[in-house]
Amino acid sequence: MSRNKQKTEVLFGLHSVFEALKAGKRNIYEVMISKERSRSRLEEIIAMAEKKKVPVIFKPAVDLDRITDSARHQGIAAQVSVFSAMNSKTVFNKVQQRQASQFILVIENLEDPHNFGALIRTALGAGVDFILMPKDRAAAPLPSVSRASAGAMEHAEIALITNTVSVLQSFKKMGFWVAGLDGEGDTLLFKADLTGDLILVVGGEHRGIRPLVKSQCDFLLSLPQKKGVASLNASVAGGIAMYEALRQRTFG
């Protein structure tokens, strides 16, 4: 079954289930808890589920292993609606309705759900307004990504886009500057102006930013590195860049 036709999925892990309940963006049909799990760490989740009139069902741990296809569920899972990602048109409309300058993260060809989850979590902390990523051939906002983000994905404004180049062109017409993160970029991160309406493009683990997308960047950012380090992975490099943008946008 394709993701578009799928109506429900299973979240698992303490943080993912808790943050999904807290965010209120998904329909949550039931919370499943291992009978072998101590209730002390789950009391807040149980209380929140009961307040929202979500059924709480206790099951043997082996059942949760089977339902989640993982033994790393921390004794809790939830049957929920599929994560509702936006499209680029919705993001354009939301951006036009806001008065303050916007900070957007575009993720290019990222395949590792752990890197994706780490970037989402950092993006929320760094004040990113929207996260855009390709609809195909990239990590999707699945339960594994929610878990990797420690539940941060449940609060994120994520859009799946079909043509990154045309989306960047449209934003540039709206006055956005586009900065690409590139190991060979000719603009040092700490000397770049990252204020105003900004899009930061972070490339994938293996190929980085595609040439056509790179051609839409107004400048390419590089991180200073000491000897002996070839490069940083996508989530670490993206995190450093996002927090430099936060520093400039918040403290000048």
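The model is predicted, so local features need pLDDT of at least 70 and side-chain atom pairs count only at pLDDT 80 or more, while totals for chains, interfaces and linings use all residues. Residues are numbered from 1 along each chain as its sequence is written, and side-chain values use heavy atoms, with hydrogens and water left out.

Student: How many salt bridges does the rule count?

Tutor: A salt bridge is a side-chain nitrogen of Lys or Arg within 4 Å of a carboxyl oxygen of Asp or Glu. By this rule the count is 8.

Student: How many residues apart in sequence are the parts that E154 and R26 tie together?

Tutor: The side chains of E154 and R26 form a salt bridge at 2.7 Å, N to O. E154 lies in the loop between helix 6 (143–148) and strand 7 (158–161), and R26 in the loop between helix 1 (14–23) and strand 2 (28–34). Helices (H or I, at least four residues) and strands (E, at least two) are DSSP runs, numbered from the N terminus. The parts tied together by the pair are therefore separated in sequence by 128 residues.

Student: Is E154 buried or exposed?

Tutor: Buried means under 20% relative accessible area, exposed over 50%, and partly exposed in between (1.4 Å probe, protein chains only). E154 has a relative accessibility of 2%, so E154 counts as buried.

Student: Where does K94, the salt-bridge partner of E157, lie?

Tutor: In the salt bridge between E157 and K94, the closest N and O atoms are 3.4 Å apart. E157 lies in the loop between helix 6 and strand 7, and the pair ties together parts 63 residues apart in sequence, because K94 lies in helix 4 (residues 88–97).

Student: Which helix holds both R247 and E244?

Tutor: The side chains of R247 and E244 meet in a salt bridge of 2.8 Å, N to O. R247 is partly exposed at 38% relative accessible area, whereas E244 is buried at 6%. They are 3 residues apart, about one turn of the helix, and both lie in helix 9.

Student: Which element supplies the largest share of the largest nonpolar core?

Tutor: A nonpolar core is a set of buried Ala, Val, Leu, Ile, Met, Phe, Trp, Tyr and Cys residues joined through side-chain atoms within 4.5 Å. The largest has 35 residues, and those with the most contacts inside it include L105 and M242. The largest share of this core is 5 residues, from helix 9.

Student: Which residue of strand 10 stands opposite A179?

Tutor: Two strands pair if DSSP finds at least two bridges between them. Strand 8 and strand 10 run parallel and are joined by 4 bridges. In strand 10, the residue opposite A179 is L200.

Student: Why is strand 8 largely enclosed by the rest of the structure?

Tutor: Strand 8 pairs with strand 11 in the parallel sense over 3 bridges. Strand 8 is largely enclosed because the buried residues number 4 of its 5.

Student: What accessible area do L188, F190, L232, V236 and I240 have together?

Tutor: Patches are made of residues with over 30% relative accessible area and no salt bridge, like charges being joined within 9 Å and nonpolar side chains (Val, Leu, Ile, Met, Phe, Trp, Tyr) within 5 Å. Areas come from the Shrake-Rupley method with a 1.4 Å probe, and for residues only the protein chains shown count as cover. I240, one of the five, is partly exposed at 33%. Together these residues form a nonpolar surface patch with an accessible area of about 380 Å².
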